[in-house]
Amino acid sequence: MSVLLINGSPHPKGCTYTALSAVAEQLEKNGLTTTMLQVGAKPVRGCIACGKCAEDGHCVFTDDPVNEAVDLLREAEALVVGAPVHYAGPCASACALLDRMFFRKSGPYAHKPAAAVVSCRRGGASASFDRLNKYFTIARMPVVSSQYWNSVHGNTPDEVRQDREGLQIMRTLGNNMAWLVRCIAAGKAAGIAPPAPEAWEPTNFIR
Ligand SMILES: Cc1cc2nc3c(=O)[nH]c(=O)nc-3n(C[C@H](O)[C@H](O)[C@H](O)COP(=O)(O)O)c2cc1C
C-alpha cells in the first residue's frame, strides 16, 4: 500500500519537505510505502481550459510533472499535498499543478484518502490549508485529519524542526492516514465497495 506525497515547494529540501518527511516517516513506520514527487523550481503552467484532458485523462502539456502526478496518484492508495504559503495562499506552482492534475481527471482519485500540509514563516496557514482541501472535497476523496490544522511554522528547515507541535501534527496525520488506508483495504476485502457515483446533474445558474 503506497502513499503519494507531492512537495509543491520550489525548494526540494526546504520547510515543506521537512513537514512532509515527518508524515512519510510515520506512514512508513505503519508499514506503508511512500513516493515523494517534487514540483521543483521549473515553471508549471496554469490550466488553459482546453478540455482535452476529458478525452484521455492527461494534460496536453507534457513539459512539467502534471501527468506524472496523475499517473502516480492512480497507482497510489492515498495522497498528501504539501505547499509553502505565498501571500496567504498555497504557492502558485502548487496550485497550477493541482488545477491541471484534478480538472476532468479526478474520477480515478475517488475514495483515496487525502490530506494537505502547509508551511509558513508566520501567517496564512489556515487559508492555504482550506484552499488545498478544496481539491479533495470536489473529488470524493476522504480528508484525513490530525489534531490541529496541518501546518508547520519556520523560515528554514531548522526552524521547522523546532516547531515541536507542528511536527507532532505531522506524525498524528501519518498515523491517521495509515489507519484509514488500512481500514479501506480491510473493508474492500470484506466486500464493502465504495458508493457508485450518481450521474452528474450539471446546473449552471444561467437563466
Ligand atoms: C513569494 C513568497 C511569499 C510568501 N508569503 C508568505 C506569507 O504570506 N506568509 C508567511 O508566513 N510566509 C510567507 N512566505 C515564507 C514561506 O512561506 C516560508 O519561508 C516557507 O516555510 C518556505 O517553505 P519551503 O522551504 O518549503 O519553500 C513567503 C515566501 C515567498 C517566497
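Predicted model: local features only at pLDDT ≥ 70, side-chain atom pairs only at ≥ 80, totals over all residues.
**Ligand shell**

With that cut-off I looked up the surroundings of the ligand and found 17 residues around it, the closest being S9, G14, T16, P84 and C120.

Next I asked which secondary-structure elements supply at least two residues of the shell, and I noted α1 (15-29), β3 (78-86) and β5 (114-120). Of the elements, β3 gives the most to the shell, with three residues.

**Fold**

Reading along the sequence, I wrote their order down as β-α-β-α-α-β-β-α-β-α-β-α-α. I also looked up the radius of gyration, which is 17 Å and close to the 17 Å that the globule rule gives for 207 residues, so the protein is as compact as a globular protein of that length.

For the extent of the C-alpha trace along its principal axes, I recorded a span of about 50 × 45 × 35 Å.

**Burial and contacts**

I checked what share of the 207 residues counts as buried, and the value is 41%. Turning to the contacts with a separation of 6 or more, I found that residues 24 or more positions apart account for 78% of them.

Definitions and conventions:
Residues numbered from 1 in each chain as written. Near = placed C-beta within 6 Å. Helix = DSSP H or I, 4+ residues; strand = E, 2+ residues; numbered from the N terminus. Rg over C-alpha atoms; globule rule 2.2 N^0.38 Å. Buried ≥ 20, exposed ≤ 12 C-beta atoms within 10 Å, placed from the backbone. Contact = placed C-beta atoms within 7 Å.
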